[in-house]
Amino acid sequence: MNSSLPKLNLVVAVCNNGGIGCEGRIPWRIKQDLAFFKKLTSNTDSTKKQNALIMGRKTWFSIPEKMRPLPGRINIVLSQTLSKAPAGAHLASSLNEAVEMVTSGPLAAHTESIFIIGGSTVYREAISSVYPCRLYVTRVLRDYECDTFFPKVDWSSFREIFVSDIPSEILTENGIDFKFEVFEKV
């Protein structure tokens, strides 16, 4: 793996049947997962930098309007159909273009880490790309009716790692069991 390539951090909550969404929404409500997502994607080592969130157009529009752009982070929307960037976000036509924007382009001096936050197509492209990847998975231990799914992953190309400040035990909220898992592409 080329260590000079930037690392893509994929953040996803996925239920037992591989679902990640239904009708543009997350089918479950787990406040601890939302807090984990916010902390993971907001925290930086440098107070002068922010993390970049790369997402597809449908993911952007699935975020409640009053929450867009996600604060304290650089929001980049991937789209080949939008003609101008949504308010508060940057627009890129491809994953490579977005990565270029935050590594050697106009946002490079302001970006610390890169997070991929959906949807399905963007996850698939990131996983199959040449970039090193880390997956932060919230495994929701229940089936939900979904119309959007996390792509099939060749898990033999990933290894689970343990991160000291991420709990590894099964947690429960509102009767929903879930756990956090972290995988590194090998």
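**Pockets and a cavity in a predicted model**

The largest pocket of this predicted model has a volume of about 1,600 Å³. On a 1 Å grid over the protein atoms alone, a pocket is an open set of points with protein on both sides within 12 Å along at least five of seven lines. Grid points are joined across faces, edges and corners, and a volume is the space filled by probe spheres set on the points. Local features need pLDDT of at least 70 and side-chain atom pairs count only at pLDDT 80 or more, while totals for chains, interfaces and linings use all residues. Residues are numbered from 1 along each chain as its sequence is written, and side-chain values use heavy atoms, without hydrogens and water.

Two or more lining residues come from each of strand 1 (8–15), strand 2 (19–21), helix 1 (31–42), helix 2 (57–62) and helix 4 (120–128). Helices (H or I, at least four residues) and strands (E, at least two) are DSSP runs, numbered from the N terminus. Helix 4 gives the most, with 5 residues. By class, the lining has 20 nonpolar, 16 polar and 11 charged residues. Here Ala, Val, Leu, Ile, Met, Phe, Trp, Tyr, Cys and Pro count as nonpolar, Asp, Glu, Lys and Arg as charged, and the others, Gly among them, as polar.

Now turn to the second largest pocket. Its volume is about 380 Å³. It is lined by 17 residues, with Lys 39, Leu 40, Tyr 136, Asp 165 and Ile 166 closest to its centre. Helix 1, strand 6 (111–116) and strand 7 (133–140) each give two or more residues to this lining. Helix 1 supplies the largest share, 4 residues. The lining divides into 9 nonpolar, 4 polar and 4 charged residues.

A cavity is a set of grid points where a 1.4 Å probe fits but cannot get out. The whole structure has 1 cavity of 30 Å³ or more. The largest cavity holds about 60 Å³ of space. Its lining runs through Glu 160, Ile 161, Phe 162, Val 163, Ile 166, Pro 167, Ser 168, Phe 180, Glu 181 and Val 182. Strand 11 gives the most, with 3. The classes here are 7 nonpolar, 1 polar and 2 charged. Ile 166 lines this cavity and is also among the residues closest to the centre of the second largest pocket.

Technical notes
On a 1 Å grid over the protein atoms alone, a cavity is a set of points where a 1.4 Å probe fits but cannot get out, and a pocket is an open set with protein on both sides within 12 Å along at least five of seven lines; lining residues have an atom within 4 Å of a point.
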